[in-house]
Amino acid sequence: MTRTDHVFQLVGSCNNYPWGKQGEKSLAVQLHKKTDPNFEIKNDEFYSELWFGDYPDFPARVLETGELLQDVLQKHKDELLGKKVIEELGGQLPFLPKILSIAKALPLQIHPNKELAAKLHKEDPENFTDPNHKPEIAVALSKFEVFAGWKPLEEVQLLFKRLGVLRQFVPAGIEDWSELTLREVTRSLLQADEKTVKSVEEALAKASKEELGKQTYILDLLPRLQDQYGATDNGSLVALLCMNFLVLDAGDAIYIPADGIHAYLSGDIVECMARSNNVLNAGFCPPADRNNINMFADTLTFKPSTRSKDSVILPSQDHGKVKIYKPPMSEFDMLRLSLLQGEGEDIEAHRGPGVMIITHGNGTMLADGKTFRLEEGSIFFVAPGVKIRIDSPGGLEAHMAIVA
């Protein structure tokens with residue numbers, strides 16, 4: 001590429017966390033292979049995420065030259081990042097986009113807010129590699145199952161009232177629950193020893209449908225989580241008893257705020273977050289990989305906006321053949337372009353940069369006076385102020401993170 005290139009193709013990095021899908025079953029590695037034909041897919045490996053931002057852990061590179069995207073952006077900040085990013089968003093790509101292919105539950109986790117992230121980064125930069133917060137969105141590419149946010153307080157309280165085995169986790173003397181009650185119950189569940197967790201799960205498996213009410217799905221999910229992480233993982237109790245369980249279809253999206261509890265369970269998604277890789281884990285992982293439970297519980301957010309299924313869903317706005325997801329944060333919006341056979345669409349220029357991945361189909365893109373071939377798995381960087389036109393003879397789906 002040259003200094004005048006405002007649109008160029010990228011190749012991402014694929015990783016191997018054990019919750020990923022195996023071999024060619026992983027959409028993340030399928031898409032990666034199409035951009036990096038020399039990459040060898042091993043069917044005994046788990047391929048979890050395809051990253052295609054400038055974050056150093058699993059960085060994207062310019063396909064033509066092999067240069068790190070981060071290096072190119074820092075050389076040409078004015079042209080490729082633009083005034084808004086330089087003056088308001090730290091002078092680097094403010095978002096981190098990924099494809100996730102999920103076969104079993106990710107760790108039960110939160111991403112710390114800016115204040116805590118800065119503190120942890122200063123104290124332990126090896127494990128907390130930046131001082132930024134990490135609110136995120138996930139847009140489903142297929143059926144997507146997820147634990148996210150909290151059930152309505154009254155639903156959790158009723159469950160703990162009906163099931164006697166759960167009363168040991170409720171602070172003494174509490175009749176009417178508050179956010180503080182839910183925090184302390186969560187803390188107690190996460191601190192329970194393995195013997196206690198096992199006995200509670202055994203009792204939960206025998207609970208009647210009358211006791212569970214509209215939460216009978218617990219009876220189906222409990223053995224599934226036990227198969228993945230055993231019968232002594234505290235994460236199962238918190239997820240099943242306290243958190244929303246959602247099943248999304250392709251095109252549905254959720255928003256996870258900083259300090260928002262979540263654990264993705266299965267499916268393929270496009271994920272995008274503020275530029276950070278900080279995480280606190282408390283379950284669905286070996287005890288040695290869990291962070292301090294008191295810090296985890298103290299950090300959790302229990303805002304009303306996180307206490308129902310509806311509060312987790314991120315609605316989209318329709319603009320022609322483009323859906324726009326606008327999370328309540330300044331770092332990015334997400335576009336989802338869906339073209340049928342023979343259709344085309346213009347995408348207007350934006351104040352900041354964009355990164356686009358073709359998740360299905362093929363076509364062409366006219367941008368910056370050039371025509372680019374779009375194939376499934378193609379990833380493109382688009383500079384601020386560049387309008388693009390996409391056409392597809394056979395149908396196409398693309399997702400694009402932008403600074404609006």
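Visitor: Over residues 7-153, how many Å apart are the end C-alpha atoms?

Guide: The structure is a predicted model. UniProt, in an unreviewed entry, lists residues 7-153 as "domain: Phosphomannose isomerase type I catalytic". Over this span the chain is 26% helix and 27% strand. Its end C-alpha atoms are apart by 48 Å.

Visitor: Which strands stand at the edges of the open sheet, each with a single partner strand?

Guide: Eight strands form this open sheet, with antiparallel pairing, in the order E6-E1-E22-E19-E24-E17-E16-E15. A strand at an edge has a single partner, so one of its sides is left without a neighbour in the sheet; this applies to E6 (61-62) and E15 (316-319).

Visitor: What is the bridge partner of Ile324 in E17?

Guide: Strand E16 covers residues 322-325 and strand E17 covers residues 333-339. The two run antiparallel and are joined by four bridges. In E17, Ile324 has as its bridge partner Leu335.

Visitor: Which strands does helix H1 lie across?

Guide: Helix H1 comprises residues 27-35 and runs at about 120° to one of these strands, E1. The strands that H1 lies across are E1 (7-11) and E19 (354-361).

Visitor: Is helix H8 parallel or oblique to helix H11?

Guide: Helix H8 (residues 194-205) packs against helix H11 (residues 234-242) with the axes 9 Å apart and at an angle of about 40°. Angles under 35 degrees would count as roughly parallel. The angle therefore makes H8, relative to H11, oblique.

Visitor: How many residues of the contact of H8 with H11 are nonpolar?

Guide: H8 contributes Val197, Val200, Glu201 and Leu204, while H11 contributes Asn234, Ser236, Leu237, Leu240 and Leu241. Of these residues, two are polar and one is charged, and the nonpolar ones number six.

Definitions and conventions:
Residues are numbered from 1 along each chain as its sequence is written. This is a predicted model: local features need pLDDT of at least 70, side-chain atom pairs count only at pLDDT 80 or more; totals for chains, interfaces and linings use all residues. Side-chain values use heavy atoms; hydrogens and water are left out. Two strands pair if DSSP finds at least two bridges between them. Contact means heavy atoms within 4.5 Å. Axes are lines fitted to C-alpha atoms, for helices over the stretch in contact, and angles run from 0 to 180 degrees between N-to-C directions. UniProt positions are given in the numbering used here, feature names are shortened, and annotations may be inferred rather than shown by experiment. Angles under 35 degrees count as roughly parallel, over 145 as roughly antiparallel, 65 to 115 as roughly perpendicular and the rest as oblique. Ala, Val, Leu, Ile, Met, Phe, Trp, Tyr, Cys and Pro count as nonpolar, Asp, Glu, Lys and Arg as charged, and the others, Gly among them, as polar.
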